[in-house]
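This report describes a structure from its overall dimensions down to individual residues. The sequence and the coordinates are shown first.

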Amino acid sequence: MATSPKLTINDLHVSIEEKEILKGIDLEINGGEIHAIMGPNGTGKSTLAQALMGHPRYEVTGGQVHLDGEDVLEMEVDERARKGLFLAMQYPSEINGVTNSDFLRSAINAKRGEGNEVSIMKFMKQLDKKMDQLGMDESFANRYLNEGFSGGEKKRNEILQLLMLEPRIAILDEVDSGLDIDALKVVANGVNSMRNPDTGFLIITHYQRLLNYIKPDYVHVVMQGRVVKSGGPELAERLEAEGYDWVKEELGIEDETVESQA
Amino acid sequence: MSIDMEQLFDRQAVTKLSQSQQEPKWMLEHRLKALEAASQLSLPKLQKTRIDHWNFTQFDPIRKEPAISSSRELPEEISRLISTDAGDAVFVQKNASPVFQSLPDTLASQGVIFTDISTAVREHEDLVKKYWMTAGGKADEHKLAALHTALVSGGAFLYVPRNVTVDLPFQALFWASGKGIGTFPYLLIVADNESELNVVANFVSDSESDAVINGAVEVFVGDQARVRIASLHTHGEQTTEVAYRRTVVGRDADLEWIVGDLNFGRTISDNTTHMKGSGSNARIKGITVGSGEERSNITSAVHHHGKATESDLVIRGVMKDQAQTILNGITKIEKGASQANGVQAEKVLMLSKEARGDANPILLIDENDVQAGHAASVGRVDPIQIFYLMSRGLSLREAERLVIFGFVSPVLDTIPFESLREQITHVIERKLG
């Protein structure tokens with residue numbers, strides 16, 4: 001597609017088991033932009049990521065989401081992915097008996113469609129290159145998908161999928177948690193290598209640290225299931241220096257979470 | 001039921017069967033003794049599977065079929081299951097009759113025997129008699145075992161002499177065809193000391209057949225011999241199969257057994273391996289996939305008799321629709337089998353709310369200095385796994401397929417014959433729809 005990607009989220013409401021977590025989120029993400037969603041734990045950040053991808057436990061109770069003008073909420077999970085939405089998960093599943101490379105090739109081919117499958121040679125070359133870029137040992141290609149991977153290995157594997165699948169809109173859900181500084185740099189480099197007008201990013205984190213390596217264009221603070229404050233990269237820096245208390249004070253928020261911890 | 005039996009299979013009918021196959025007297029006596037036992041004995045008691053309304057006795061037990069001169073005369077659905085190139089060793093039995101067999105001269109000249117049992121017993125009576133129905137199955141165990149012994153017809157005998165290695169797999173195919181029949185296949189395999197051989201056995205029926213198949217495979221693995229055997233069962237929807245597989249493993253011998261219980265009807269699968277010789281090693285793998293109304297009860301047992309014997313039992317079941325399976329695993333370490341090591345794992349994956357599965361691991365240990373372990377699980381496909389795979393663009397169907405094939409991969413991926421692996425994959429895909 002020649003046009004630049006665009007994800008728009010209007011007044012999104014999401015519940016888990018009848019309990020409302022997101023209470024009206026508005027965002028617009030365009031190709032070439034990096035948006036960071038920040039906020040303390042329990043404010044609904046991950047819920048936003050999961051709901052956008054279509055996680056079965058999350059029920060959208062109101063609002064709209066459009067990708068390139070198409071209604072995302074009407075799509076099945078796989079259709080969202082094939083249209084270019086990607087979610088790097090905080091806790092990726094382990095799938096026994098399915099090798100990383102078989103899985104990746106199936107995913108790439110699902111996107112390319114029948115009759116247009118990637119050649120095995122081309123795929124292997126690309127995989128080698130991207131694994132090299134992420135400092136992943138060759139053996140990962142033939143290991144079962146995420147099975148027995150350490151937390152850091154899982155995160156790298158999510159980024160590997162990101163690099164291989166080249167989505168239009170990439171959502172990264174706390175991809176920095178549990179990473180040491182070297183791994184964090186590797187992950188950030190991976191993301192930065194994909195920074196181009198054909199990809200938009202929504203990066204969810206509660207640490208400023210990641211944003212030292214991935215410079216966001218926009219920063220949004222989520223509390224109580226809403227975006228309560230937006231700004232440029234300087235907002236992230238201030239949050240790092242001063243924490244969230246000043247935001248709460250400014251907005252008169254006492255408890256920033258969605259009622260109890262969600 | 002015993003009244004039916006006496007009417008259907010009387011002494012005269014069995015005597016006639018035995019005489020028509022020109023069997024020696026000891027074999028006829030063996031049959032008659034079992035026939036008498038069959039009328040007294042009751043059905044086996046299976047855990048959690050009701051079989052009292054299954055048909056085990058209403059059929060024509062001795063339907064003879066004419067021999068064919070070329071495998072080209074076999075219907076495509078049968079012929080595609082075997083390879084009949086020059087150099088292939090093949091045995092095909094249709095209902096009660098061996099209809100096609102071939103053994104390359106290069107093997108025959110080394111003393112390899114691969115033929116129907118009537119011929120084998122005429123030409124090598126002592127050899128057949130030494131092993132005939134002695135692998136630990138007992139004719140008086142219950143009605144079904146006794147019936148098999150009484151009515152066994154056709155059957156194949158495979159013997160590989162001492163120190164002979166045969167790489168290409170021997171192929172045996174037992175084909176139940178038509179309505180209202182019962183078949184009693186028997187495959188007797190003897191690997192003499194230090195021999196090496198591979199066997200692929202197919203048990204099939206026409207899709208419209210309502211056959212009752214009561215069959216046994218007995219395998220004797222000689223000292224330091226190495227046997228790899230796979231048996232694949234794909235009987236049709238209206239069939240009932242009772243399959244016994246008994247193996248005796250000699251000293252320092254190596255056994256690999258792969259069982260594909262992939263019938264579309266009702267299945268009792270009963271497998272026992274006796275680790276008689278010290279230092280022997282067995283890897284036993286089973287896979288069952290059920291759809292529709294299928295029922296299966298699968299017992300896999302390993303008895304360690306010899307010192308330092310090792311066994312590994314890996315069983316996987318996938319159930320969809322209203323299908324049900326019971327997987328029983330038994331690792332028994334007998335007194336004296338010190339330093340034995342027996343492990344087992346049975347796992348069931350259910351794809352629908354109505355599907356049922358049960359995994360029952362049992363360890364019985366009568367010796368001190370041993371190792372044993374078991375694992376069992378019964379569960380459904382994890383919706384979060386499916387979400388994860390679909391979030392990368394895979395359709396629901398493709399995501400489920402990956403999870404299912406991943407689940408059975410500990411069995412499927414280790415099958416040594418590629419054509420068989422493809423065949424099993426094909427059957428699984430057919431069942432999953």
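## Overall form of chain A

In this predicted model, chain A has a radius of gyration of 18 Å, which agrees with the value near 18 Å that a compact globule of 262 residues would have. Along the principal axes, the C-alpha atoms of chain A occupy a box of roughly 60 × 40 × 35 Å. The secondary structure of chain A consists of 9 helices and 10 strands. Of its 262 residues, 44% count as buried. When contacts in chain A between residues at least 6 apart in sequence are considered, 74% of them join residues at least 24 apart.

In soluble globular proteins, nonpolar side chains tend to be buried together. In this model, the largest nonpolar core contains 195 residues, and those with the most contacts inside it are Ala88(A), Ile171(A), Leu158(B) and Val221(B). Helix H10 of chain B, residues 396-412, contributes the largest share of this core, with 8 residues. The surroundings of Ile171(A) can be listed: beyond its neighbours within four places in sequence, Ile171(A) is in contact with Ala49(A), Leu52(A), Phe86(A), Leu87(A), Ala88(A) and Leu202(A).

## A helix pair in chain A

How are helix H5 (residues 151-165) and helix H6 (residues 181-193) of chain A packed? Their axes are 10 Å apart and meet at an angle of about 10°. Angles under 35 degrees count as roughly parallel, and H5(A) and H6(A) are therefore roughly parallel to each other. On the H5(A) side, the contact is made by Gly152(A), Lys155(A), Arg156(A), Ile159(A) and Leu163(A), while H6(A) provides Ala183(A), Val186(A), Val187(A) and Gly190(A). By class, the residues of this contact comprise 5 nonpolar, 2 polar and 2 charged.

## The interface between the chains

Across the interface, 19 residues of chain B are in contact with 22 residues of chain A. On the side of chain B that touches chain A, helix H9 (383-390) and H10 each supply at least two residues. The largest share of that side, 8 residues, comes from H10(B). Its composition is 11 nonpolar, 6 polar and 2 charged residues.

## Two loop residues

His55(A) is located in the loop between helix H1 (45-53) and strand E4 (58-67) of chain A. Because 20 or more other C-beta atoms within 10 Å make a residue buried, His55(A), with 22, is buried. Not counting residues up to four places away in sequence, His55(A) touches Gln50(A) and, in chain B, Phe387(B).

Phe417(B) occupies the loop between H10 and helix H11 (418-432) of chain B. With 16 other C-beta atoms within 10 Å, Phe417(B) is partly exposed. Its contacts, not counting residues up to four places away in sequence, are with Pro169(B), Val200(B) and Ala230(B).

| Pair | Separation in sequence | C-alpha to C-alpha distance |
|---|---|---|
| His55(A) and Val77(A) | 22 residues | 7.7 Å |
| Phe417(B) and Val200(B) | 217 residues | 8.7 Å |

Methods. Residues numbered from 1 in each chain as written. Chains lettered and ligands numbered in written order. Predicted model: local features only at pLDDT ≥ 70, side-chain atom pairs only at ≥ 80, totals over all residues. Helix = DSSP H or I, 4+ residues; strand = E, 2+ residues; numbered from the N terminus. Rg over C-alpha atoms; globule rule 2.2 N^0.38 Å. Buried ≥ 20, exposed ≤ 12 C-beta atoms within 10 Å, placed from the backbone. Contact = placed C-beta atoms within 7 Å. Core = buried A, V, L, I, M, F, W, Y, C linked by C-beta atoms within 7 Å. Nonpolar A, V, L, I, M, F, W, Y, C, P; charged D, E, K, R; others polar. Axes fitted to C-alpha atoms, helices over the stretch in contact; angles between N-to-C directions. Parallel < 35°, antiparallel > 145°, perpendicular 65-115°, else oblique.
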